Amino acid sequence: MIELSLEKARRWFTEEHEARLAPLAEFALGELNDRNRDAFGKGWIDWPAADHSALYREVDAIAADFRAKSNATVVIGIGGSYLGAQSALSMAKPAFTGEGDHEVIFAGQQLSPTYHAHLLQYLDKREVTLVVVSKSGTTLEPSAVFHTFREYLEKRSGVEEANRRICAITDAEKGSLRQFADERRYVTLPIPDDIGGRYSVLTAVGLLPMALAGIDYKRVMQGAARMREELAKLKVADHPAVKYALARHVLYQQGFVAEALVTYEPRVADFAGWWQQLFGESQGKDGTGLFPTMLRYTTDLHSMGQYVQDARKILVETVLDVHFSDEPELVVPRGLDEKNAYLDGVSFSRLQEVAVESVMVAHSEAGVPNILIRAKGDPESLYGELVYFFEIACAVGGYLMGTNPFDQPGVEAYKNEMRSRLKA
Ligand code: PA5
């Protein structure tokens with residue numbers, strides 16, 4: 001269940017704005033629903049409702065095989081080929097896992113020699129499988145790391161056995177990773193042509209890492225399907241994802257330049273990382289777009305809180321207040337000293353609730369618009385619901401701004417520069 005509250009942003013995004021801009025919102029939603037426009041990027045919209053039983057069988061078989069063969073799987077990918085999977089694992093898997101759990105470790109999301117060399121040393125003590133994820137099959141970071149880790153595995157287990165321990169998730173037909181994987185007879189899973197990286201977490205890109213980590217990914221898909229069905233029924237005036245998109249659009253036009261997704265729950269923090277990429281790559285173009293950033297409260301209240309409260313008012317806060325059905329009850333003990341007595345017997349959930357309310361009041365009164373998105377449910381279904389909700393909001397927001405939310409021409413510049421320097 002996801003609810004939007006604009007109460008603490010109404011000073012800036014008024015009901016009058018909402019009424020006046022309803023035709024623009026209608027237009028943007030229409031652009032999204034026009035499946036012929038930007039069709040190359042819209043495969044994710046109906047994806048949760050389709051029958052994926054064949055894909056599920058393949059995912060389950062690979063996960064079972066890799067879990068039997070190894071106790072650690074390294075998932076190699078960057079951007080949309082890893083942020084979704086990482087955020088799903090953080091949300092749905094306990095942070096402190098027990099001995100004997102199957103580890104899923106991410107790599108190739110940067111170029112650190114230290115990180116990767118230390119990971120290789122660590123793997124010496126583990127039974128290892130690899131999953132390489134790259135839609136294009138040519139991205140520099142995962143390519144460099146994959147071939148390094150592949151060689152490590154081949155030296156350790158021999159080429160034949162290494163080939164049985166590697167899965168490639170890539171385009172169904174084209175690209176150099178597809179060709180390499182077919183030559184080596186790796187097990188493979190496809191990334192649909194019409195689903196771009198940052199919209200791909202509900203495809204094999206996210207589902208296999210979830211299955212490897214023991215997450216019930218079918219519930220994730222059910223959550224996304226439910227959200228799709230709910231949102232599809234709504235008119236613009238009642239549509240929380242469209243309203244959120246419109247509110248941030250208006251705030252941007254009023255001179256706010258950055259939006260922080262604020263989380264209070266560490267297991268949701270990586271979701272903010274996924275959200276950041278989704279909005280950054282989809283909307284940061286043509287000289288426009290809110291700069292998406294993230295704040296982890298209450299931790300960051302003791303660092304960035306000062307800036308948010310008192311510095312130049314450039315920021316919008318979107319508070320993602322999530323409550324999970326598996327949240328344990330933890331209570332502060334009684335009998336505290338006089339100064340701490342107000343905490344006597346108070347539950348941590350109550351502390352968090354009061355923190356959310358107090359911070360929203362303090363910040364909005366100081367001139368920081370606060371949008372509240374409240375979500376409740378079991379971690380798996382809720383993950384699917386949130387993914388779908390924000391994907392719709394992001395794509396609609398792109399159309400509100402008159403940009404294409406499915407391309408990312410700006411990321412090519414650094415890649416081309418690197419390639420030409422490395423080839424020189
Ligand atoms: O959203 C996107 O398209 C990008 O962030 C890609 O996911 C990222 O660049 C990785 O690309 P690839 O999967 O082709 O290696």
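## A loop residue and the basis of the model

S112 counts as exposed because 12 C-beta neighbours lie inside 10 Å. In this report a residue is buried if 20 or more other C-beta atoms lie within 10 Å of its own, exposed if 12 or fewer, and partly exposed in between, with C-beta atoms placed from the backbone. S112 is found in the loop between strand 3 (103-107) and helix 5 (113-123). Helices (H or I, at least four residues) and strands (E, at least two) are DSSP runs, numbered from the N terminus.

The model is predicted: local features need pLDDT of at least 70, side-chain atom pairs count only at pLDDT 80 or more, and totals for chains, interfaces and linings use all residues. Residues are numbered from 1 along each chain as its sequence is written.

## The nonpolar core

The largest nonpolar core has 122 residues, of which I76, A88, I169, L208, M210 and V396 touch the most other members. Helix 15 (residues 379-401) supplies the largest share of this core, with 15 residues. A nonpolar core is here a set of buried Ala, Val, Leu, Ile, Met, Phe, Trp, Tyr and Cys residues joined through C-beta atoms within 7 Å. In soluble globular proteins, nonpolar side chains tend to be buried together.

Leaving aside neighbours within four places in sequence, L208 is in contact with V59, I62, A63, V131, C167, I169 and L189; a contact requires C-beta atoms, placed from the backbone, to lie within 7 Å. A88 belongs to helix 4 and is buried, since 28 other C-beta atoms lie within 10 Å. With neighbours within four places in sequence again left out, A88 is in contact with V201, G206, M210, I215, V220 and Y383. The C-alpha atoms of A88 and D270 are separated by 8.2 Å, although the two residues are 182 apart along the chain.

## Packing of helix 4 and helix 9

Two packed helices are described by the angle between their axes and the distance between the axes. Helix 4 (residues 83-92) and helix 9 (residues 204-212) pack at an angle of about 35 degrees, and their axes are 8 Å apart. Axes are lines fitted to C-alpha atoms, for helices over the stretch in contact, and angles run from 0 to 180 degrees between N-to-C directions. G84, A85, A88 and L89 of helix 4 meet V205, G206, P209 and M210 of helix 9. By class, this contact has 6 nonpolar, 2 polar and no charged residues. Ala, Val, Leu, Ile, Met, Phe, Trp, Tyr, Cys and Pro count as nonpolar, Asp, Glu, Lys and Arg as charged, and the others, Gly among them, as polar.

Helix 9 is largely enclosed by the rest of the structure, because 9 of its 9 residues are buried. Just after helix 9, G214 takes a positive phi of about 85 degrees.

C394 is found in helix 15 and counts as buried, with 24 C-beta neighbours inside 10 Å. Apart from neighbours within four places in sequence, its contacts are L278, F279, S282, Q283 and P405. C394 and V332 are 39 Å apart, C-alpha to C-alpha, and 62 residues apart in sequence.

G280 lies in helix 12 (residues 266-283). With 19 C-beta neighbours inside 10 Å, G280 counts as partly exposed.

## Backbone features

Most residues other than glycine have a negative phi, and most peptide bonds are trans. D38, which is not a glycine, has a positive phi of about 50 degrees; D38 lies in the loop between helix 2 (22-33) and helix 3 (53-69). R185 also has a positive phi, near 55 degrees, and is found in the loop between helix 8 (176-184) and strand 6 (187-191). R185 is exposed, with 11 other C-beta atoms within 10 Å, whereas D38 is partly exposed, with 18 C-beta neighbours inside 10 Å.

Y297 and T298 are joined by a cis peptide bond, with omega about 5 degrees. T298 is placed in the loop between strand 8 (291-296) and helix 13 (305-310).

## The ligand shell

The ligand is surrounded by 14 residues, and the closest are G79, G80, S136, T139 and G197. By class, the shell has 2 nonpolar, 9 polar and 3 charged residues.

Key:
A residue is near a molecule or strand if its C-beta atom, placed from the backbone, lies within 6 Å of it. Two residues are in contact if their C-beta atoms, placed from the backbone, lie within 7 Å.
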